[in-house]
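This briefing covers a pocket, the salt bridges and a surface patch. The sequence and structure come first.

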Amino acid sequence: MRKLIAFDDDTLDKLTQLARDRMGTFQELADEAFADLLKKHGIPIDLKDALRKSAGISKAATPKKTRSKAGKTPP
């Protein structure tokens, strides 16, 4: 999907130069920036991240049951 984003000339020049310096593309810079923004706000980037986050939440919501030694009866 294509969307237009407006940059002032100076910012666009700096981003284009950064992409050249890193031997990458402007699109790669944009992908990295948006991925970092989503990560900062706790939004999963892809399916793998979503599953990892989901597993972490459900693990915290259902704590493991442990047996205590005090509850055992002597033989």
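A residue is called buried under 20% relative accessible area, exposed over 50%, and partly exposed in between (1.4 Å probe, protein chains only). This is a predicted model, in which local features need pLDDT of at least 70 and side-chain atom pairs count only at pLDDT 80 or more, while totals for chains, interfaces and linings use all residues. Residues are numbered from 1 along each chain as its sequence is written, and side-chain values use heavy atoms, with hydrogens and water left out.

**Salt bridges**

- The whole structure holds 2 salt bridges, each defined as a side-chain nitrogen of Lys or Arg within 4 Å of a carboxyl oxygen of Asp or Glu.
- One joins the side chains of K14 and D10, at 3.3 Å from N to O.
- K14 and D10 are about one helical turn apart, because they are separated by 4 residues in helix α1; helices are DSSP runs (H or I, at least four residues) numbered from the N terminus.
- D10 is partly exposed at 45% relative accessibility, and K14 counts as exposed at 54%.
- A salt bridge also joins the side chains of R22 and E32, at 2.9 Å from N to O.
- This pair links distant parts of the chain, 10 residues apart: R22 is in the loop between α1 and α2, and E32 is in helix α2.
- R22 is partly exposed at 47% relative accessibility, and E32 is partly exposed with a relative accessible area of 35%.

**Largest pocket**

- The largest pocket has about 520 Å³ of space.
- A pocket is an open set of points on a 1 Å grid over the protein atoms alone, where a 1.4 Å probe fits, with protein on both sides within 12 Å along at least five of seven lines; lining residues have an atom within 4 Å of a point.
- Its lining has 16 residues, and I5, F26, Q27, A30 and F34 are the closest to the pocket centre.
- α1 (9–21) and α2 (26–40) are the elements that give two or more residues to this lining, and α2 gives the most, with 7 residues.
- By class, the lining has 11 nonpolar, 1 polar and 4 charged residues.

**Nonpolar surface patch**

- I5, F7, L12, F26, F34 and L37 form a nonpolar patch on the surface, with about 530 Å² of accessible area together.
- Such a patch joins nonpolar side chains (Val, Leu, Ile, Met, Phe, Trp, Tyr) within 5 Å, from residues with over 30% relative accessible area and no salt bridge.
- α2 provides the largest share of the patch, 3 residues.
- I5 lies in the segment before α1.

Notes:
Grid points are joined across faces, edges and corners, and a volume is the space filled by probe spheres set on the points. Ala, Val, Leu, Ile, Met, Phe, Trp, Tyr, Cys and Pro count as nonpolar, Asp, Glu, Lys and Arg as charged, and the others, Gly among them, as polar. Patches are made of residues with over 30% relative accessible area and no salt bridge: like charges are joined within 9 Å, nonpolar side chains (Val, Leu, Ile, Met, Phe, Trp, Tyr) within 5 Å. Accessible areas come from the Shrake-Rupley method with a 1.4 Å probe; for residues, only the protein chains shown count as cover.
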